Amino acid sequence: MKLKIWHLFLIITLLFGCSFYVVNLRFDKFYRVNGINNDNRVLIEKYLDEDEQTYLIDNQISIDLFIDYLTYDAFYLPYYQYYNALNDSSRYDSITDILDVGNQLADRLTYLYNNKAYDYADILMSNGLELAFLNQENFNFDYVTYYVLLKPLYDEDDYSYIIDCETYLAYFIDDGIDENQFSNIMTSLTNCYTKDTLNELLTTDLAEGCHVVYTPDDVTTLVDSTHYIGQYEANDLILCQDISRVRYTMYLRSDAYNALIEMHNDIKAFNENFLLREAYTASDSLDDEDVGYDEFQLGLSISVGEIGISYNDFYQTELSKWMETNAYKYGFVLRYPKQKASITNHSYDAHIYRYVGVEAATYMYENDLTLEEYLGSL
């Protein structure tokens, strides 16, 4: 059967293509490399050894992915992905630093994880943990989530959070905390403490029966002789203004302050003599034995009085009676009510109110519950 003309044309085209491929492969081995031109071909032949050139061709790596590093002595082509990821992070000032860190990272991870090395590198670099990994031998990839939470508390070149993390997790385990709660607890603690105050909190030997409070910023947190918050200081303390007070510099957490202002405005309709006696108390102003056990550290507690009325007589005033009946509407509860001393371990005190939020305060008021009883009912 005679071949048709188009068959001949197809055969000739295929033969030409194969010949072109063979010729180019023999005389220009870089022709398949994306972005190749005469200028960078010269650079490739000058700065890449034979193995790297083969790696380039076999993997068809685009020139633009490594051209910025090519002329540096420390550059090694198979590590170009590490360099680019580090460069994209904007954490490094120079290409020299990028190459140095990239080479160390790739060498160590390749030794440890072989063909999965870059997967682990990606975890490190995307979380800014590559230097911690290189500087701390006991780095544990299972703890990356916790490292990310702890890291902002430390100076840039301080990688001791790797060691501290082990200490803190061991503490949680000893305290009977389920591992599923570790992340939430660490999130709460790193939001509430500094590097030093967190370390103090979780390394202080506590009396038997006493426990660390892991959520000191919770509006219903209980602090007493068995619930310890260390040197906690609320993040959103604001100066109490537009209220008569015994000292100018008195502070409350913003939510408690806003509620107090609302309540105070309503009180002024019938009494102009409301007096704020106590508010937030800083840990460094307490006696050592009271630090961490004083509820006023939370910035949610207040002690009130009335101008012109003695401290001991305040409980008999109309203002005191009004607050006991109405404070819950603003989120405050009488902290130490009558006939509850066996529960609160504190005698009745008409002056001390605690902000717990309107929902909790309403429930506590309607059910005649102290904070201890309310928390016990949850």
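C240 is buried, with a relative accessible area of 0%. The model is predicted, and its mean pLDDT is 92.

**Cysteines**
- The count of disulfides comes to zero.
- For C192, the nearest cysteine sulfur belongs to C210 and is 17 Å away. A disulfide needs the two sulfur atoms within 2.5 Å, so C192 is in none.
- C192 is buried too, at a relative accessible area of 5%.

**Nonpolar cores**
- The largest nonpolar core has 95 residues.
- Which residues have the most contacts inside this core? They are F66, F139, F172, L202 and F332.
- Beyond its neighbours within four places in sequence, F66 is in contact with L56, I61, F75, L77 and Y80.
- A second core is separate and has nine residues, among them Y328, V356, L371 and Y374.

**Helix α11**
- Helix α11 spans residues 195–203.
- Its buried residues are T197, L198, E200, L201 and L202.
- L202 is also one of the residues with the most contacts inside the largest core.
- What covers the buried residues of α11? The cover includes the helices α8 (144–150), α9 (161–174) and α10 (182–192). It also includes the strands β1 (211–212) and β2 (227–228).

**Confidence**
- A pLDDT of 70 or more is reached by 92% of the residues.
- Over residues 23–27, pLDDT stays under 50.
- For residues 23–27, the model has four contacts beyond four places in sequence.

Technical notes
Residues numbered from 1 in each chain as written. Predicted model: local features only at pLDDT ≥ 70, side-chain atom pairs only at ≥ 80, totals over all residues. Heavy atoms only, no water. pLDDT = per-residue confidence, 0-100. Contact = heavy atoms within 4.5 Å. Buried < 20%, exposed > 50% of the residue type's maximum accessible area, 1.4 Å probe, protein only. Helix = DSSP H or I, 4+ residues; strand = E, 2+ residues; numbered from the N terminus. Core = buried A, V, L, I, M, F, W, Y, C linked by side-chain atoms within 4.5 Å.
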